[in-house]
Amino acid sequence: MKRRLHIVLLLLGVISCFSSFTHPLKVTASLIEYNEDAKNIRVECKVFVDDFSQSIGRPMNVNNLSERDIKDIERYFREFYVVMVNGKKYPFEYDSSYYEKSFNVLTIKFYESDFTVKKGDKLEVKNALLFDVFGFLQSNRMELRFPPFFQSSYFESTKVKDAIEHTF
C-alpha cells in the first residue's frame, strides 16, 4: 500500500511538472494593412504572453500595462519588427492592447502611421519577434493587405534573417 502511494505521488509530481511547462507552439500572428484613402498603415500583432514576457525579460501586467511596459513593447518592436518602404523605416508607437486570458494571447495595436506607396516602391518587412529566445522553434505569420496593389498576402518568417520584399 505504501509503495502504491509513492508511485501515485511520483506520477502526480511528473504530471504537474509537465503541465507547468509553457505551450509547445511558438508563433506570432500579425496584420499590416494599408489604407490608400487615409494614406496610412495599421499594424497589430498577437503574441503569447508567456513567450513575449521572456523576450522582454520580465513579466508584465497585461490587463493594465504600465508606462514602462509600453516603452519596452515599443523598443522591442523597433528592434525586431521592421517595416520599410524604399529604405525608410516606419516606427511602431503603441496604441492599445487586448488580453485574451483563455488563450493567453495579447493583441498589440500600434498607431496608424502616415504611409504612402506608389507603383515602383519597394516594401520590406522583417519580423524576427521572439527568435531571440526560441530560435528555430519560432514562427511568425503575417498577413499584408495593400489594396489596390493586392488584397491579401500571407507570409511566414521561420528564420531571423527572413524578410518579405515586394515591389508595387
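Biologist: What share of the contacts in the chain with a separation of 6 or more comes from residues 24 or more positions apart?

Modeller: Such residues account for 60% of those contacts, where contact means heavy atoms within 4.5 Å. This is a predicted model, in which local features need pLDDT of at least 70 and side-chain atom pairs count only at pLDDT 80 or more, while totals for chains, interfaces and linings use all residues. Residues are numbered from 1 along each chain as its sequence is written, and side-chain values use heavy atoms, with hydrogens and water left out.

Biologist: How many helices and strands does the chain have?

Modeller: There are four helices and 10 strands, taken as DSSP runs (H or I of at least four residues for helices, E of at least two for strands) and numbered from the N terminus.

Biologist: Why are H2 and H3 called roughly perpendicular to each other?

Modeller: Helix H2 (residues 49-56) and helix H3 (residues 67-80) pack at an angle of about 80 degrees, with their axes 11 Å apart. The axes are lines fitted to C-alpha atoms, for helices over the stretch in contact, and the angles run from 0 to 180 degrees between N-to-C directions. Angles under 35 degrees count as roughly parallel, over 145 as roughly antiparallel, 65 to 115 as roughly perpendicular and the rest as oblique, and H2 and H3 are therefore roughly perpendicular.

Biologist: Which residues meet where H2 packs on H3?

Modeller: From H2 come Phe52, Ser55 and Ile56, and they meet Asp72, Ile73, Arg75, Tyr76 and Phe77 in H3.

Biologist: What makes H2 mostly covered?

Modeller: Six of its eight residues are buried, that is, under 20% relative accessible area, with exposed meaning over 50% and partly exposed in between (1.4 Å probe, protein chains only). Those six are Val49, Asp51, Phe52, Ser53, Ser55 and Ile56, and their cover includes strand E2 (40-48), H3, E5, strand E6 (105-114) and helix H4 (131-134).

Biologist: Is Phe103 buried or exposed?

Modeller: Phe103, in the loop between E5 and E6, has a relative accessible area of 58% and is therefore exposed.

Biologist: Why is the pair of Tyr81 and Phe92 called edge-to-face?

Modeller: Rings of Phe, Tyr and Trp (its six-membered ring) pair if their centres lie within 6.5 Å, and planes under 30 degrees apart count as stacked, over 60 as edge-to-face and the rest as tilted; by this rule the count comes to 16 aromatic pairs. For Tyr81 and Phe92 the centres are 5.3 Å apart and the planes stand at 85 degrees, so the pair is edge-to-face. Tyr81 lies in strand E3 (residues 81-85) and Phe92 in the loop between strand E4 (88-90) and strand E5 (94-100), so the pair ties together parts that are 11 residues apart in sequence. Both Tyr81 and Phe92 are buried.

Biologist: What kind of aromatic pair do Phe146 and Phe150 form?

Modeller: Phe146 and Phe150 form a tilted pair, with 5.7 Å centre to centre and 40 degrees between the planes. Phe146 counts as buried because its relative accessibility is 1%, and Phe150 counts as buried because its value is 13%.

Biologist: Which residues have the most contacts inside the largest nonpolar core?

Modeller: They are Phe52, Phe77, Phe115 and Phe146, in a core of 41 residues. A nonpolar core is a set of buried Ala, Val, Leu, Ile, Met, Phe, Trp, Tyr and Cys residues joined through side-chain atoms within 4.5 Å. H3 gives the most to this core, with five residues.
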